[in-house]
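I opened this model to look up a few strands, helices and charged pairs, and I am keeping my notes in the order in which I worked.

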Amino acid sequence: MQDIVTEKNLVDYKLHVGENPIHDDVHELKIRIENVGFWYGEKQALKDISLDIFNQEVTAFIGPSGCGKTTLLRCLNRTNEIIPDVRMSGRISLDGEDIFSEEIEATALRRRFGWVAQKPNPFPWSVYHNVAYGARLHGLVATRQETDELVQSCLERAGLWDEVKDRLREPGTSLSGGQQQRLCVARAVSTKPDIILMDEPASALDPHATAHLEAMIESLREKYCIVIITHNMQQAARVSQRTAFFHLGELLEVGDTKDVFVNPQNDHCRDYITGRYG
Ligand SMILES: Nc1ncnc2c1ncn2[C@@H]1O[C@H](COP(=O)(O)OP(=O)(O)OP(=O)(O)O)[C@@H](O)[C@H]1O
Ligand SMILES: [Mg+2]
């Protein structure tokens, strides 16, 4: 961990960026968002958003409540469109292909994304079945042995295997909150997505469980493209390589996490991350 440089006008805030708070050019472009607008009925929730998201990196979405973070996240996997009376403009491409292209089916597209919600929400079944269910449903595993291997590898990826390997038949809901959230991550990766979307995944966790989750996020990014929404500035600074700051539906600042936290260019962004408003 390195201390953030303290500037004269930032004297009263001190954040730690992680060990990798910058974008690396070797990481490929995964998602390109171009001039995206979004409306719930008459109400415009996103205005002309353009943003690149890279593979093997964590991109943090930050900004005050109601600024459109969740809306944008749900545009990426096309889950917004199940809400009546919504409209999107602009273009989003995944691996260079328009997500609304006729070749792409919405359900197939959604499977490329894992989703981790704010509150841990395991299914009311065993730990094992929580992880095995999606893979079985989508025919990704055929035999018992394949399923066992998949369950183990997903739980390992989520940093949970050692804690639950003797409790696989117990209900997922019997685990601690932090363990349940990591079980949800194991479930999210069980269907072999390439992108993981997390909407305030640590907001219900204590600092110890949060630290555990953050360590897991850092190890997951080796294999996945990750987008995380967080209201915790320390967390955004620690876990992400790029940070995007939203305000009233607009993207006001985006860049390497180190730059955004050390020397934010936008006044609203500066005020927000220094805790002066939000
Ligand atoms: N289903 C919906 N129908 C109508 N308006 C909505 C709906 N979902 C969100 N909105 C509105 O769109 C705007 C953006 O909401 P969104 O949930 O994306 O914000 P957010 O940045 O995720 O906020 P928070 O930090 O509180 O989760 C808000 O004004 C919100 O009231
Ligand atoms: Mg939200």
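I began with strand 5, where Val58, Ala60 and Ile62 point one way and Thr59 and Phe61 point the other way, and all of them are buried; buried here means under 20% relative accessible area, exposed means over 50% and partly exposed lies in between, with a 1.4 Å probe and protein chains only. Helices (H or I, at least four residues) and strands (E, at least two) are DSSP runs that are numbered from the N terminus. Since 5 of the 5 residues of strand 5 (residues 58-62) are buried, I noted it as largely enclosed by the rest of the structure.

Before going further I wrote down the conventions: this is a predicted model, in which local features need pLDDT of at least 70 and side-chain atom pairs count only at pLDDT 80 or more, while totals for chains, interfaces and linings use all residues. Residues are numbered from 1 along each chain as its sequence is written, chains are lettered from A and ligands numbered from 1 in the order in which they are written, and side-chain values use heavy atoms, with hydrogens and water left out.

Which strands pair with strand 5? I found that strand 10 (residues 225-229) pairs with strand 5 in the parallel sense over 4 bridges, pairing being counted if DSSP finds at least two bridges between two strands, and that Thr59 stands opposite Val227 of strand 10. Strand 11 (residues 242-247) also runs parallel to strand 5 and is joined to it by 4 bridges, with Phe245 of strand 11 opposite Ile62.

I then turned to helix 3 (residues 127-137), whose buried residues include Val127, Tyr128, Asn130 and Val131, as well as Ala132, Gly134 and Ala135. Their cover includes helix 4 (144-157), helix 5 (161-164) and helix 6, where contact means heavy atoms within 4.5 Å. After helix 3 comes Gly139, for which I noted a positive phi near 65°.

Next I looked up the charged pairs. Side chains of opposite charge can pair when their charged atoms come close. My search of the whole structure gave 15 salt bridges, each being a side-chain nitrogen of Lys or Arg within 4 Å of a carboxyl oxygen of Asp or Glu.

One of them joins Glu81 to Arg78, with the closest N and O atoms 2.9 Å apart; Arg78 is buried at 11% relative accessibility, whereas Glu81 is partly exposed at 36%. Glu81 also meets Arg110 in a salt bridge of 3.6 Å, N to O. Because Glu81 sits in the loop between helix 1 (69-76) and strand 6 (86-94) and Arg110 in helix 2 (residues 106-111), the pair ties together parts that are 29 residues apart in sequence.

Another salt bridge links Asp194 with Arg112, again listed by its closest N and O atoms, which are 2.9 Å apart. Asp194 lies in the loop between helix 6 (177-189) and strand 9 (195-199) and Arg112 in the loop between helix 2 and strand 8 (113-116), so this pair ties together parts that are 82 residues apart in sequence. I recorded Arg112 as partly exposed, with a relative accessible area of 27%, and noted that Lys30, Asp95, Arg112 and Asp194 are linked in a network of salt bridges.
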